[in-house]
There are 2 protein chains.
Amino acid sequence: MHNSRKPPTMADVARRTGVSPMTVSRAFKRDSSVSQETREAVLRAAEELGYVFDSTASNLRSQRTDFIAVTIPSINNANFADTVRALSDRVSERGLQILLGYTNYDVREEERLIEQLLRRKPEAIVVTGGKHTPRARKLLSNAGIPVIETWDLPEEPIGHVVGFSNALAVREMVDHFVSVGYRKIAFIGGDADRDTRGTDRRAGFIAAMKDHGLEAPRLIAAGPPPISMREGANAMGQLFERFPDTEAVICVSDLSAFGALTECQRRGITVPDRIAIGGFGDYEIGAICVPSLTTINAFASDIGAKTAELILDVLDGKLDRPGRVTIRPDLILRQTSR
Amino acid sequence: MHNSRKPPTMADVARRTGVSPMTVSRAFKRDSSVSQETREAVLRAAEELGYVFDSTASNLRSQRTDFIAVTIPSINNANFADTVRALSDRVSERGLQILLGYTNYDVREEERLIEQLLRRKPEAIVVTGGKHTPRARKLLSNAGIPVIETWDLPEEPIGHVVGFSNALAVREMVDHFVSVGYRKIAFIGGDADRDTRGTDRRAGFIAAMKDHGLEAPRLIAAGPPPISMREGANAMGQLFERFPDTEAVICVSDLSAFGALTECQRRGITVPDRIAIGGFGDYEIGAICVPSLTTINAFASDIGAKTAELILDVLDGKLDRPGRVTIRPDLILRQTSR
DNA sequence: GGCATCCATGTTATCGTTACCAATCCAAGT
DNA sequence: ACTTGGATTGGTAACGATAACATGGATGCC
């Protein structure tokens with residue numbers, strides 16, 4: 001039974017059920033007042049007709065889309081994926097849906113993306129990081145919806161914040177490394193002008209070294225983000241060439257740290273005896289690789305979950321001041337360091 | 001200047017510019033016929049007013065959303081992320097936006113998700129895999145939009161297909177392993193009833209073994225998906241207990257294969273001398289870990305790119321028969337096997 | 001000059017749902 | 001009996017953009 005007509009609308013379902021379109025509309029909402037039998041009759045008729053609820057019309061009339069817009073730097077990063085998953089799981093219980101976009105670690109792409117997402121009239125928008133173009137800031141401020149910056153603690157937040165200090169997190173690792181006797185410590189990260197969290201981590205590294213009275217010339221730029229395993233391995237190679245006496249290296253992420261570790265294995269350099277390695281992000285690989293990776297747990301899932309709670313509170317009107325949730329990253333000592 | 005009024009509409013922009021709303025609408029479209037100076041005046045007025053284009057109204061009136069709905073099993077999987085990224089990159093050039101949802105490897109969740117996505121009236125819908133609930137199949141068939149099943153070659157496709165045979169891909173690895181002398185070969189995968197691609201791979205393994213006149217009792221069930229590194233390591237532990245004389249093991253993915261490899265390292269079992277390991281998916285980790293991982297490249301990005309091409313062709317009316325794009329996975333021999 | 005053609009712009013009606021208000025019915029209370 | 005109130009249902013208009021059609025003016029060609 002091929003059907004080339006237009007798809008059925010609520011009016012069609014109403015006609016078939018013998019009720020008004022308004023009643024059909026109510027039958028499709030969870031909590032609205034329709035008698036049980038009317039609702040069942042409506043839903044049965046809808047199923048028979050193959051009716052599919054049209055959100056586009058609903059969105060326009062009700063001025064609600066139930067979208068939560070989210071921007072992340074990359075869809076291929078397990079940390080951000082964890083955040084989005086936790087966020088999605090929590091808000092979807094309330095019928096909200098994630099509208100996801102990625103910025104490729106570029107604030108200009110972020111600006112474009114934010115503009116595109118705002119056109120869809122989301123209920124709230126979650127961005128990764130606290131650094132944006134002026135226009136992006138303006139778009140977010142004027143959007144009239146909750147704005148949540150994550151994975152960072154911006155000095156001048158646009159709205160709400162759920163994040164942590166990347167610099168302080170790395171400082172904690174430096175403190176530990178120094179306390180167990182490492183002095184010649186290097187840092188492997190991406191180019192300074194792209195990955196802002198990476199840049200913060202590098203800055204935290206340099207500042208912490210300075211506070212210990214140590215120089216920090218051993219900075220290896222691993223190229224533009226994303227800095228993954230291969231980049232980490234290459235950077236480790238560079239480090240061996242340029243600073244062969246390095247005692248420990250802190251990498252901008254577990255992925256690059258693992259790459260660095262494999263480079264050591266390829267060169268027959270023992271970890272941590274000859275050189276210690278620290279990562280960032282507590283990716284699954286760090287816990288399972290041999291030797292396992294000293295790292296920093298930034299609680300990616302928690303960031304997503306707390307962001308979700310915050311959004312729901314704001315939408316419920318339970319929170320009218322900008323919220324600021326500070327995550328406290330955890331240093332995890334494993335086998336790649338003393 | 002606090003502004004508590006309603007956000008401006010095209011009518012406001014039109015008034016300010018001294019043109020009709022229709023002209024404003026045209027000024028916001030790329031190719032429509034508006035004089036250069038009118039367009040600039042409109043866009044300037046819009047910027048001054050802080051006007052944000054309202055897609056919800058546009059979507060309803062034009063009956064176009066420019067959404068491409070996509071379902072993947074998990075957002076935390078690099079293979080699927082690669083597919084989505086390639087797809088997204090290609091369709092976004094044409095102004096189409098991905099609306100992403102994940103099914104958690106569960107066909108019932110997939111059904112719910114498909115229904116939810118279809119309500120948003122996407123231009124096309126891309127699903128991962130070729131196994132769905134009857135109702136999901138019906139929803140997809142009746143949606144009146146292009147349906148693309150990926151990462152599989154379903155026998156009875158709903159619409160278009162961009163995929164490969166998971167069974168044949170694994171068979172190729174079995175053939176190679178047998179040809180270089182392995183006989184006691186095991187398979188590590190998820191529980192049979194969830195991950196359908198994993199199940200196909202296991203079936204391909206068993207069939208291939210049989211064709212070589214070999215028994216295949218060494219099947220380790222690693223639990224419900226996602227099967228990641230930890231599950232791979234645990235499964236490898238089980239394999240050593242139950243079948244200590246195993247010569248080679250094929251894992252359902254590179255992640256589990258890497259987990260298995262680390263378990264060998266923890267137990268001091270040399271790879272590939274004592275046991276060979278094969279993975280699936282050609283994840284970055286397989287190329288970089290030591291020893292590097294023999295695997296199968298399923299061309300995840302290509303799947304996304306070809307899916308995008310197919311969608312664009314269909315939307316352009318250049319393709320009216322169901323398309324079937326077959327990817328040919330590649331066996332990549334590396335250090336974890338002879 | 002006259003007529004066709006094209007470009008830029010305007011007018012009107014509409015996409016499909018739901019907010020808002022009104023109406024009806026039945027049970028309960030006085 | 002009559003009011004009150006809650007539950008259920010219906011009627012009407014509106015959300016903000018744009019498809020479809022119409023119009024006016026400039027341009028081109030014979």
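The legends below describe close-up views of a predicted model.

**View 1. Packing of helices α6 and α7 in chain B.**
Helix α6 (residues 107–119) and helix α7 (residues 134–142) of chain B have axes 9 Å apart and pack at an angle of about 20 degrees. Angles under 35 degrees count as roughly parallel, and α6(B) and α7(B) are therefore roughly parallel to each other. Their crossing is left-handed. From α6(B), the contact is made by B:E111, B:I114, B:E115 and B:L118, and from α7(B) by B:R135, B:A136, B:L139 and B:L140. Sorted by class, the contact of α6(B) with α7(B) has 5 nonpolar and 3 charged residues, and no polar ones.

**View 2. Crossing of helices α10 and α11 in chain B.**
Helix α10 (residues 229–242) and helix α11 (residues 254–267) of chain B cross at roughly 55 degrees, and their axes come within 6 Å. That makes α10(B) oblique to α11(B). The crossing of α10(B) and α11(B) is right-handed. On the α10(B) side the contact residues are B:M229, B:G232, B:A233, B:M236, B:G237, B:F240 and B:E241. They meet residues of α11(B), among them B:L255, B:F258, B:G259, B:T262, B:C264 and B:R266. The contact of α10(B) with α11(B) divides into 8 nonpolar, 5 polar and 4 charged residues.

**View 3. Packing of helices α5 and α13 in chain B.**
The axes of helix α5 (residues 78–92) and helix α13 (residues 300–315) of chain B are 7 Å apart, with a packing angle of about 35 degrees. The crossing of α5(B) and α13(B) is right-handed. In α5(B) the contact is made by B:N79, B:D82, B:T83, B:A86, B:L87, B:R90 and B:V91. The partners in α13(B) include B:A300, B:I303, B:G304, B:T307, B:A308, B:I311 and B:L312. By class, 9 residues of the contact of α5(B) with α13(B) are nonpolar, 5 polar and 3 charged.

B:V271 is placed in the loop between α11 and β9 (276–278) of chain B. With a relative accessibility of 14%, B:V271 counts as buried, because buried means under 20%. B:P291 itself is in the loop between α12 (284–288) and β10 (295–297) of chain B.

B:C251 counts as buried, at 1% relative accessibility. B:C289 has a relative accessibility of 3% and counts as buried.

**View 4. The cis peptide bond between A:P225 and A:P226.**
A:P225 and A:P226 are joined by a cis peptide bond, for which omega is about 0 degrees. A:P226 is found in a loop of chain A, between β7 (219–221) and α10 (229–242).

**View 5. Positive phi at A:Q63 and at A:N104.**
Most residues other than glycine have a negative phi, and most peptide bonds are trans. A:Q63, a residue other than glycine, has a positive phi, near 60 degrees. A:Q63 is in the loop between α4 (55–62) and β1 (67–72) of chain A. Its relative accessible area is 58%, and A:Q63 is exposed. Phi of A:N104 is likewise positive, near 60 degrees. The loop that holds A:N104 lies between β2 (97–102) and α6 (107–119) of chain A. A:N104 counts as partly exposed, at 30% relative accessibility.

Notes: Residues numbered from 1 in each chain as written. Chains lettered and ligands numbered in written order. Predicted model: local features only at pLDDT ≥ 70, side-chain atom pairs only at ≥ 80, totals over all residues. Heavy atoms only, no water. Buried < 20%, exposed > 50% of the residue type's maximum accessible area, 1.4 Å probe, protein only. Axes fitted to C-alpha atoms, helices over the stretch in contact; angles between N-to-C directions. Helix = DSSP H or I, 4+ residues; strand = E, 2+ residues; numbered from the N terminus. Parallel < 35°, antiparallel > 145°, perpendicular 65-115°, else oblique. Left-handed = near helix turned anticlockwise from the far one by under 90°. Contact = heavy atoms within 4.5 Å. Nonpolar A, V, L, I, M, F, W, Y, C, P; charged D, E, K, R; others polar.
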